[in-house]
Amino acid sequence: MATLAEITADIEAYTTYDDTDFVAEIPRFIQAAEERIWYFVQLPDFQSNVVGSFTSGNQYLQLPSDFLAAASLAITLPVTGEFVYLLPKETSYIREVYPVPATTGQPTCYALFSAAAGSTTIIVGPTPDAAYVTELNYFYKPDSLVTDTTGTWLSNNAYDTLLYGALSESANYLKKVAGIDNMGDTYEQRFLVGLQGLKNLGESRDRKDTYRSGEKRKSEAA
């Protein structure tokens with residue numbers, strides 16, 4: 001299990017730079033590398049699930065605070081308990097097809113809708129005619145190693161990618177602050193190689209099995 005202390009020590013060792021201001025910036029380097037991975041790679045470990053409910057007559061559903069992107073949204077029909085998956089659309093589509101919010105029915109589609117800054121919601125069409133239970137599968141921002149210092153999925157399963165991403169970020173800092181410019185390109189290339197490996201894992205291998213698809217035979221496109 002790779003901890004915050006271990007990756008911090010490795011960054012200092014790789015850069016051979018232990019200035020106090022530089023060390024204080026290391027958590028930011030790690031967080032920047034994590035965010036690059038979260039936004040470029042879709043891994044099952046970066047997905048979560050939450051159950052909620054619509055209120056009859058209210059076409060909006062509040063999203064979790066750690067929400068990044070929707071994977072799917074389903075409602076449960078009150079009488080049969082049947083799952084019905086809604087179709088993703090644009091807000092403009094819902095406004096055009098269901099122009100009167102007071103007209104209610106069983107929702108068939110949804111779109112992301114921000115009612116206020118920092119408060120993201122989903123809008124559905126038509127406006128729910130009952131209190132449908134919802135199940136949202138979504139991509140989320142996992143805890144950072146900076147806050148979960150004993151270890152995260154990335155630090156335990158993709159340590160080199162996280163390390164070289166943080167080192168690439170540190171190289172930008174060192175070039176600007178200390179005039180050191182010697183390994184930034186190397187760190188970035190190693191990070192991109194690791195990033196491609198994670199994309200193959202999350203977007204190809206984790207979506208297949210060898211019984212149906214066979215073994216991976218060549219580099220798979222993202």
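Which residues are linked with R36 in a network of salt bridges?

Tutor: R36 is linked with E169 and E188 in a network of salt bridges. Some ground rules come before the details. This is a predicted model, in which local features need pLDDT of at least 70 and side-chain atom pairs count only at pLDDT 80 or more, while totals for chains, interfaces and linings use all residues. Residues are numbered from 1 along each chain as its sequence is written, and side-chain values use heavy atoms, with hydrogens and water left out.

A salt bridge here is a side-chain nitrogen of Lys or Arg within 4 Å of a carboxyl oxygen of Asp or Glu. By this rule there are 4 salt bridges. R36 belongs to helix α2 and E169 to helix α5, so their pair ties together parts that are 133 residues apart in sequence. Helices (H or I, at least four residues) and strands (E, at least two) are DSSP runs, numbered from the N terminus.

How open are the two partners? The scale is relative accessible area: buried is under 20%, exposed is over 50%, and partly exposed lies in between (1.4 Å probe, protein chains only). R36 is partly exposed because its value is 23%. E169 has 17%, so it counts as buried.

Stay with helix α2, which spans residues 20-40. E25 forms a salt bridge with R28, and their closest N and O atoms are 2.6 Å apart. The two are 3 residues apart in the helix, so about one helical turn separates them. E25 is partly exposed at 24%. R28 is partly exposed at 43%.

E35 has a salt bridge too, with K141, at 3.5 Å from N to O. This pair links distant parts of the chain: E35 is in helix α2, K141 in the loop between β10 and α4, 106 residues apart. K141 has 30% relative accessibility, so it is partly exposed. E35 is partly exposed at 33%.

Next, the rings. A pair of aromatic rings is described by the distance of the centres and the angle of the planes. Rings of Phe, Tyr and Trp (its six-membered ring) pair if their centres lie within 6.5 Å; planes under 30 degrees apart are stacked, over 60 edge-to-face, and the rest tilted. The count by this rule is 10 aromatic pairs. One of them is Y14 with Y164, edge-to-face, at 6.1 Å centre to centre and 90 degrees between the planes. Y14 is in helix α1 (residues 4-15) and Y164 in helix α5 (residues 159-177), 150 residues apart. Y14 counts as partly exposed because its relative accessibility is 39%. Y164 counts as buried because its value is 9%.

Y138 and Y140 form an edge-to-face pair, with centres 6.5 Å apart and 70 degrees between the planes. Y138 is buried at 4%. Elsewhere, Y17, F22, F29 and Y173 make up one aromatic cluster.

Contact means heavy atoms within 4.5 Å. Leaving out residues up to four places away in sequence, S48 touches L136, N137, Y138 and Y140. S48 and Y140 are 92 residues apart in sequence, yet their C-alpha atoms are 6.6 Å apart. S48 is partly exposed, since its relative accessible area is 25%.

S48 sits in strand β1 (residues 47-53). β1 pairs with strand β10 (residues 133-140) in the antiparallel sense over 7 bridges. Two strands pair if DSSP finds at least two bridges between them. S53 has V133 in β10 as its bridge partner. The open sheet has 4 strands, in the order β1-β10-β3-β4, with antiparallel pairing. β1 and β4 (83-85) are the edge strands, each pairing on one side only. On average, neighbouring strands of this sheet are turned by 30 degrees against each other, direction ignored. For such angles, axes are lines fitted to C-alpha atoms, for helices over the stretch in contact, and angles run from 0 to 180 degrees between N-to-C directions.
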